[in-house]
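Visitor: I am new to this structure. Please show it to me, and then I will ask about the terms.

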Amino acid sequence: LGNYVACKWLISTFMITVRDMRSVHNEPLRRAAANGYLMICKLLSNEFALTRHDCIVCDNEALRLAATNGHLNVCIWLASEFKLTYADAMTNDNEALCMAAENGHARVVLWLVCHFGMSNQDVSKVHPWFVRSLFYLIEKDAVLKRDVMNKDVAWYGDKGSWIVDQLNADY
């Protein structure tokens with residue numbers, strides 16, 4: 001909450017405008033997303049009426065960094081608020097997915113695949129180790145493992161059952 005209050009104070013005290021935000025390629029939004037500050041992301045979006053274009057600057061860095069650092073709530077909000085697409089999620093050779101997996105963020109990985117409708121072919125073309133690595137990540141997350149084993153993955157969307165089928169083949 002302190003960061004939120006400080007952010008509001010900075011905006012009003014220094015009369016920061018949307019032009020100021022855009023002059024630095026919306027760096028405050030990108031940094032807030034990277035650090036998991038959802039309230040600040042929302043504040044910036046509302047205060048400056050940020051657009052989809054504002055979100056995807058710098059090769060969709062806001063989503064890529066939020067995913068890299070495991071901030072699922074920020075990823076979900078960015079995708080919803082700015083209507084991010086499959087193409088947005090695949091920027092920089094699918095970096096959001098690759099870095100989330102590399103950093104052990106299984107829930108982010110599953111959400112990215114399911115929400116953006118990435119297929120097995122999409123993922124394995126770039127990273128053939130995807131399902132094996134996801135299997136490893138799920139092994140480390142007891143709640144997620146239980147959900148996968150019980151096929152309780154509705155929150156992952158339509159692709160949830162595809163993920164379960166891929167993973168349960170290995171269990």
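Guide: The axes of H5 and helix H6 (residues 72–81) come within 7 Å and cross at roughly 145 degrees. This is a predicted model, where local features need pLDDT of at least 70, side-chain atom pairs count only at pLDDT 80 or more, and totals for chains, interfaces and linings use all residues. Residues are numbered from 1 along each chain as its sequence is written, and side-chain values use heavy atoms, with hydrogens and water left out.

Visitor: Which residues of H5 and H6 meet?

Guide: Contact means heavy atoms within 4.5 Å. Cys-55, Ala-62, Leu-63, Ala-66 and Ala-67 in H5 meet Val-74, Cys-75 and Leu-78 in H6. By class, this contact has eight nonpolar, no polar and no charged residues.

Visitor: Why is H5 called roughly parallel to H8?

Guide: Helix H5 (residues 52–68) packs against helix H8 (residues 91–102) at an angle of about 20 degrees, with the axes 7 Å apart. Angles under 35 degrees count as roughly parallel, so H5 is roughly parallel to H8. The residues of this contact divide into four nonpolar, four polar and three charged.

Visitor: What makes Cys-41 buried?

Guide: Buried means under 20% relative accessible area (1.4 Å probe, protein chains only). Cys-41 has 0%, so Cys-41 is buried. Cys-75 is buried too, with a relative accessible area of 0%.

Notes:
Axes are lines fitted to C-alpha atoms, for helices over the stretch in contact, and angles run from 0 to 180 degrees between N-to-C directions. Helices (H or I, at least four residues) and strands (E, at least two) are DSSP runs, numbered from the N terminus. Angles under 35 degrees count as roughly parallel, over 145 as roughly antiparallel, 65 to 115 as roughly perpendicular and the rest as oblique. Ala, Val, Leu, Ile, Met, Phe, Trp, Tyr, Cys and Pro count as nonpolar, Asp, Glu, Lys and Arg as charged, and the others, Gly among them, as polar. Buried means under 20% relative accessible area, exposed over 50%, partly exposed in between (1.4 Å probe, protein chains only).
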